[in-house]
Amino acid sequence: MLRKYYLLSLLTTSLSASLTAQAPKFDNVWVMGYNWDTDAQGETYRLIFDTFPPRLEETPGALFIMGAYASICDSAGQLLFYTNNCRLADGEGALLANGDSLTFGWDFDWCKLYGYHLHPMHNLILPAPGKPDSFYLFHKSTYVNTAPPVTAYQNKFYYTLIDRTLDNGIGAVVSKHNIVLEAQMGYGQITAVRHGNGRDWWLPVALEFGNEIKMFLLSPEGISYSHSSFLGPEWGGGGSFQASFSQDGNRFVRYNRYQGLYLYDFDRCSGELTNYKYYPILAPNQGLVSGANFSPDGRYLYLADYSYLYQYDLQAPDLLESQVTVAVYDGFMFNLWTAFSFIVPGPDGRLYVIPPYTTKAMHTINRPNLPGEACKVIQHELKFPNPYANPPNFPNFRLGPLDDSPCDTLGLNNLPSADFRPDLSDTSSRTFQFWDISAYAPDG
């Protein structure tokens, strides 16, 4: 039986690898961690998703990563760049040409003093539409007034432009401090989704107070304001929260533990948010950070709020009535408390739950498309050599054009990439489960 199991696993792993050559692996490497015991504090490790489960690789680096973080690989999964919002490093961990002093004002002073930046979900790297060797790094900057009453908020949304053809193909920063929007914005929440034409990107930017979400479009002409949506009750300030698109791009969620859950339908052609629903799911006595994200198939919504991890059925007549507690924090400490905050989709079809504090552990939701406890949450499954505090932040790079939609105008094709991961977590029976992590609608 074990031999048959081994051969089946080997066969399915090889078959999976052979069928996924077309799927881009821009999110294949997660750069994480730092080491307080080193002088440079730049010793990092990488979680690499070319195997299942992902493998860990310790490596030196030029950056001390604490909170703010973004990275991108080439389509084959080799790390190109990563940043801690202060500086930008290449795939080998060396400072990229002109890759220092990326920030403004208070952020610049903080980076100069400590060498890292605090705020999670604060950066995002996207490939430039129509320009395969160019990349946009989007940031938010912080305004701080230390005179009483102390005020702090995100005041600039801006980008850095990177050209990979420079410096002998390593790449260099060609432009930085390019302001897209000056306004009082909420912390973090930078995210993006592929336009229905399969080339461009939509980026929502929510203001901190009120209910306005400004929608920006990244196209071959650059980044430009498109329109605003005004839906639902006022969004408040305080804390770091997560905004997420479903993997098919048809839904958008924001969660603020002080105000509640904000759920929208999204039109990838027009960039419009519609069918807004508000749910007063509050946890005012829990930690400062919390997150929400979707199962890969879009059926379930997961919400992390420090002590509890909830699942909601988006097909249920009453979303709140469908709530299932799929995990309760078990009190485990690994450097610090390993409770629940941000929820990040992995390229392997799992969801990864990031603790709210600097720690050496990470939780997994192994079967996120299944209801209730069958989703199989494993607390602190991943354990790392050094602490980290940075949730990875990636869009769904494997989302293609909306075939036969009004905005499918560029002649781009969804080239199916079949990928089925065997579930190796239970070897006690003769049945094997396979998880579909295919790309570009291979069954469509």
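Me: How do the residues lining the largest cavity divide into nonpolar, polar and charged?

Reply: Seven are nonpolar, one is polar and two are charged. Here Ala, Val, Leu, Ile, Met, Phe, Trp, Tyr, Cys and Pro count as nonpolar, Asp, Glu, Lys and Arg as charged, and the others, Gly among them, as polar. This is a predicted model, where local features need pLDDT of at least 70 and side-chain atom pairs 80 or more, while totals for chains, interfaces and linings use all residues. Residues are numbered from 1 along each chain as its sequence is written, and side-chain values use heavy atoms, leaving out hydrogens and water.

Me: Why is Trp 30 called buried?

Reply: Buried means under 20% relative accessible area (exposed is over 50%, partly exposed in between; 1.4 Å probe, protein chains only). Trp 30 has 0%, so buried it is.

Me: What makes the rings of Trp 30 and Phe 394 a stacked pair?

Reply: Rings of Phe, Tyr and Trp (its six-membered ring) pair if their centres lie within 6.5 Å; planes under 30 degrees apart are stacked, over 60 edge-to-face, the rest tilted. These centres are 6.3 Å apart and the planes sit at 25 degrees, so the pair is stacked. Phe 394 is also buried, at 14% relative accessibility.

Me: And why are Phe 245 and Phe 266 called edge-to-face?

Reply: Their ring centres are 5.1 Å apart with planes at 65 degrees, so that pair is edge-to-face. Phe 245 counts as buried at 7%, and Phe 266 does too at 6%.
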